[in-house]
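Work through the exercises below with the model open beside you. Try each task before reading its solution.

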Amino acid sequence: MGTAFKETKLPADAPKSQKALAWVDDRFPLSKLWNDQWGKYYAPKNFNVWYIFGSLAMLILVLQIVTGIFLTMHYKPDANLAFGSVEYIMREVPWGWLVRYMHSTGASMFFIVVYLHMTRALLYGSYRKPRELIWLFGFATFLCLMAEAFFGYLLPWGQMSYWGAQVIVNLFSAIPVIGPDLSLWIRGDYVVSDATLNRFFAFHVIAIPLVLLGLVAAHLIALHEVGSNNPDGIEVKENVGPDGHGVDMIPSHPYYTTKDLFGVSVFLFIYSAVIFFAPEMGGYFLEYNNFLPADSMKTPPHIAPTWYFTPFYSVLRATTSDFMWVVMAGVAAYVVFIWLRSRLSYKTKIVITAIAVVLEIGMLFLEAKVWGVVLFGSSVVILALLPWLDHSPVKSIRYRPDWHKYVYLVFAIAFVALGYLGTQLPTPAYTLIAQACTLIYFSFFLLMPWWSASGRFKAVPNRVTFTPH
Amino acid sequence: MKVVEWRGKPVWILRRTPEMLASLPKNDNLVADPKSEKPYQMDTPDYAKNETRSRAEHKDVLVAVGICSHLGCSPSSRFAEGPQPNLPDDWHGGFLCPCHGSTFDLAGRVFKNKPAPANLDVPPYMYLSDSRIIIGKDEKGEA
């Protein structure tokens, strides 16, 4: 039972705004929400430049929703009209070109910012206990973002839209038994067609954005519940000062408001430069072949997904039938390694072995195509397991052994290389490199329980590293 | 080569020269399923279960659904022989899928160790006259 309702009494000469706020606060926790979520949300004082990408992602989310609403007013989700309506927006609708370029550039910017945001988490161990749920909500947001980008990419109904959707929907057909019917169900037709366009439109403009907003809210609520991590990976809440707040903590407003506003200005500078001077970004943000209307009779000679999907796409493409022998050897070696070097219980080890045996048998009998899709999916999903794979006694890279930095570097190079290779036509040499990078990518995660815990760790200080300006 | 639409998909009708037909046996050891014996998405008609994958009355004409058995892209024609980008040096002409690099010979047979698991589908078809062909229908009825 709550306390009885009580109207806040203010002196008669109090400003009108103060009276209005008091009236609202009595009926809705407006000031409380603001203070809990931002105004009096205390955060570590040693945030560096890596900490602006969260707010930037929020800004881009708002920009995408607003520009998206205006695009919807002129776009026609119909296979015969879609391509023309996008060109109509570009040429006839007043400022339509700006809104469209803001939306298309915003998509790529969203991924740049989110990838940097995730890199920050990786560097400073922001996913570690007690922030596992923040990471999982963030991971789900990333999945939604990928779905949003994929559904949205079909809408202009260009050549890349059409064939990209064709390939991705057909990925599902690789699943044994139910696959072909599943991809038919997703497409709503035997080929990518008007039915597919209409449902993708529905998912892009309402279904996914709703889920996305819910997940972002959950991500922030969880963050503000446990508090932010920081570049030193120190739990600042454990060292409380006389004012009841952590001695190394400052309120987000005005300190991080000003910092974020500066970050926003730098971001808008770059974002506008792309929109006004290089909206296609050399074919990476908007692919040239997508300025040709969809033609179901002819696949463009060079087809690649937009850049933000290419690392995972490379993993898919690297999975050829002879690479499967390497994967099988890798799985077998991993099981042996777990038996020799892991402290997991006997029972868990048996379960892992049983799963591995089933996988090995599957790899012998099912086509490489199936496993390409499995590895492609795993390369994304494995990110979700980070909080449980990382066994390092310290959170931040600053206090890890120096050789850990090289491990991260090799991983980063492999990830970027996969991304680059995904934009290129496959050649035997490129395929070999992609296969090597795929092995590095998975080893980084699967061997993390061991490498992240070994080496000489540096002493973590009690107070954060901070130089006043 | 003529491309026609059938069930929303491209169907290729390719008249192969005697040299092109002569190149097919050279690929027998390089393709995954030289005699098209595996089960396909669409049952291969009996008259196409041969090396040229064509009907006896017009052995030179290949009729195939131009959709790669991997993830559904339409492979592009690479009829010139010899070494060239993205293709092996002993290339005798065929098709290259731009999406994941699967290669097919001039009978639509997939080369070994490529992402695509199966040869290109041959639809039911028959000749109405020497110069007219109908896709999707043969002596056994309409597909």
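## Exercise 1: a helix and its buried face

**Task.** Which residues of α14(A) are buried, and which helices do they pack against?

**Solution.** The model is predicted. Start with burial. In α14(A) the buried residues are Ala368(A), Lys369(A), Val370(A), Trp371(A), Gly372(A), Val373(A), Leu375(A), Phe376(A) and Ser379(A). Next, find their partners. These buried residues pack against α7 (159-172), α11 (310-318), α12 (323-341), α13 (346-365) and α17 (428-446) of chain A. Finally, check the helix itself. α14 of chain A runs over residues 368-381, 14 residues in total. From first to last C-alpha it reaches 20 Å, close to the 20 Å expected at 1.5 Å a residue.

## Exercise 2: two helix pairs

**Task.** Describe how α11(A) packs with α17(A), then how α6(A) packs with α9(A).

**Solution.** Two numbers are needed: a packed helix pair is described by the angle between the axes and the distance between them.

Take α11(A) and α17(A). Their axes come within 9 Å and cross at roughly 110°. An angle from 65 to 115 degrees counts as roughly perpendicular, so α11(A) is roughly perpendicular to α17(A). The crossing of α11(A) and α17(A) is left-handed. From α11(A), Ser314(A), Val315(A), Arg317(A) and Ala318(A) meet Thr431(A), Ala434(A), Gln435(A) and Thr438(A) of α17(A). By class, this contact has three nonpolar, four polar and one charged residues.

Now take α6 (residues 132-154) and α9 of chain A. Their axes lie 8 Å apart, at an angle of about 160°. Angles over 145 degrees count as roughly antiparallel, so α6(A) and α9(A) are roughly antiparallel to each other. The crossing of α6(A) and α9(A) is left-handed. The contact of α6(A) with α9(A) holds 19 nonpolar, five polar and one charged residues.

## Exercise 3: one loop residue

**Task.** Where is His245(A) found, and which residues does it touch beyond four places away in sequence?

**Solution.** Locate it first. His245(A) sits in the loop between α9 (194-226) and β2 (249-251) of chain A. Then count neighbours. His245(A) has 15 C-beta neighbours inside 10 Å, so it counts as partly exposed. Leaving out residues up to four places away in sequence, His245(A) touches Tyr42(A) and Val240(A). Ala43(A) lies 202 residues from His245(A) in sequence, yet their C-alpha atoms are 9.6 Å apart.

## Exercise 4: the chain B side

**Task.** How many residues of chain B are in contact with chain A?

**Solution.** Chain B places 20 residues in contact with 27 residues of chain A. On the chain B side, β1 (2-6) and β2 (9-15) are the elements that give two or more residues. That side divides into eight nonpolar, nine polar and three charged residues.

Key. Residues numbered from 1 in each chain as written. Chains lettered and ligands numbered in written order. Predicted model: local features only at pLDDT ≥ 70, side-chain atom pairs only at ≥ 80, totals over all residues. Helix = DSSP H or I, 4+ residues; strand = E, 2+ residues; numbered from the N terminus. Buried ≥ 20, exposed ≤ 12 C-beta atoms within 10 Å, placed from the backbone. Contact = placed C-beta atoms within 7 Å. Expected span 1.5 Å × (residues − 1). Axes fitted to C-alpha atoms, helices over the stretch in contact; angles between N-to-C directions. Parallel < 35°, antiparallel > 145°, perpendicular 65-115°, else oblique. Left-handed = near helix turned anticlockwise from the far one by under 90°. Nonpolar A, V, L, I, M, F, W, Y, C, P; charged D, E, K, R; others polar.
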